[in-house]
Amino acid sequence: KRRQKLFQTIHPSGELKLQQEIEEGGGLIISLLNSVGYILKIIKKNALPLFDVHIAPILGPYLRCKKNSTIILDTSMRLATIALYTDCIQHCGPTAAQRYGTPLANAIVSVLGNNNNAEELFQESLHGIAQIARYCPSAVLEPHISTLLQVILPCSSASKNDNVNNPLLVEYAVSALAALFLFGPFRGFFGDEDVLLSCFITQLPLIHINEEDAQFCHQGFCDLVLSQRITDSYEIVRIIGDILLFQQQQG
């Protein structure tokens, strides 16, 4: 569902606006964009050579592009690029994470630091941060960790019930917060863990983001309960009950 929504935003006509210098590769991009994510997920690390040879050379410039670059700063192309690089890191193993983690992190930090970016691009960037935190060496995000905290904490604290906010964006922010500061390499970076725990618990269960990220956070919640880092019995029962209710409603 996430991938279907992403590629519906590429262009209203379903065509990609590519620059003239990569026009010959345009057809390849159009045919691969909607399928390559599934290929990465299905054959995992065996898909890395495909990504290295056919995907990275074409989409890489959109990962690195800046306003003064010769590459047009096309939001739709950057969205698709961040999504596919995130999938590569998530599914293609440690080599992919080592190879592409830093350029993806740099691109995402650039997106998150610009409030004028499209909501879909911001949202996918939050998803990417969570995957980098889970699969890449901590050194990849270490130079950006203060900036990330300043962006992610307010987003993850927003109300999902407020019509002004996008619940999907809020939940991806919560997932990134958890992957970084509660269960990941930067636990303890933020001095007052109770603030992070309160934010995390308040937003559970996560029912809008993809199943894998939701399971990661819900498993983390169980670990917090078992380790007695969460002891509020009311919240524990509420979260478990809401998860069971959601699963029942989904059939």
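Is arginine 78 buried or exposed?

1. Arginine 78 is buried, at a relative accessible area of 8%. (Buried means under 20% relative accessible area, exposed over 50%, and partly exposed in between, with a 1.4 Å probe and protein chains only.) Arginine 78 sits in helix H4, residues 75–91. Its side chain reaches the backbone oxygen of leucine 63 at 3.1 Å. (A polar contact is a pair of N or O atoms within 3.5 Å; within protein, one must be able to donate a hydrogen and the other to accept it, and residues adjacent in sequence count only if both atoms are side-chain atoms.)

2. A word on the basis. This is a predicted model, in which local features need pLDDT of at least 70 and side-chain atom pairs count only at pLDDT 80 or more, while totals for chains, interfaces and linings use all residues. Residues are numbered from 1 along each chain as its sequence is written, and side-chain values use heavy atoms, with hydrogens and water left out. Helices (H or I, at least four residues) and strands (E, at least two) are DSSP runs, numbered from the N terminus.

3. Helix packing comes next. Two packed helices are described by the angle between their axes and the distance between the axes. The axes of H5 (residues 93–112) and H6 (residues 119–135) come within 9 Å and cross at roughly 145°. (Axes are lines fitted to C-alpha atoms, for helices over the stretch in contact; angles run from 0 to 180 degrees between N-to-C directions.) Residues of H5, including Ala97, Gly101 and Leu104, meet residues of H6, including Leu121, Phe122 and Ser125. (Contact means heavy atoms within 4.5 Å.)

4. Helix H8 covers residues 167–182; 15 of its 16 residues are buried, so H8 is largely enclosed by the rest of the structure. Asparagine 166 caps the N-terminal end of H8. A side-chain oxygen of asparagine 166 lies 2.9 Å from the backbone nitrogen of leucine 168.

5. The whole structure holds eight salt bridges. (A salt bridge is a side-chain nitrogen of Lys or Arg within 4 Å of a carboxyl oxygen of Asp or Glu.) Glutamate 193 takes part in one with arginine 187, at 3.3 Å between the closest N and O atoms. Glutamate 193 also pairs with arginine 229, at 2.6 Å. Arginine 229 lies in the loop between H10 (211–226) and H11 (233–249), and glutamate 193 in H9 (residues 193–203), so this pair ties together parts that are 36 residues apart in sequence. Glutamate 193 is partly exposed at 22%. Arginine 229 is partly exposed at 23%, and arginine 187 is partly exposed at 48%.

6. Aspartate 242 and arginine 238 form a salt bridge at 3.4 Å, N to O. They are four residues apart in helix H11, so about one helical turn separates them. Aspartate 242 is partly exposed at 30%; arginine 238 is partly exposed at 22%. Elsewhere, Arg134, Glu212 and Asp213 are linked in a network of salt bridges.

7. Some backbone details deserve a look. The peptide bond from leucine 204 to proline 205 is cis, with omega near 0°. Proline 205 is in the loop between H9 and H10. Lysine 44 is not a glycine, yet has a positive phi of about 50°. Lysine 44 lies in the loop between H2 (26–43) and H3 (48–64), and is partly exposed at 41%. Glutamine 228, also not a glycine, has a positive phi of about 60°. Glutamine 228 is in the loop between H10 and H11, and is exposed at 63%.
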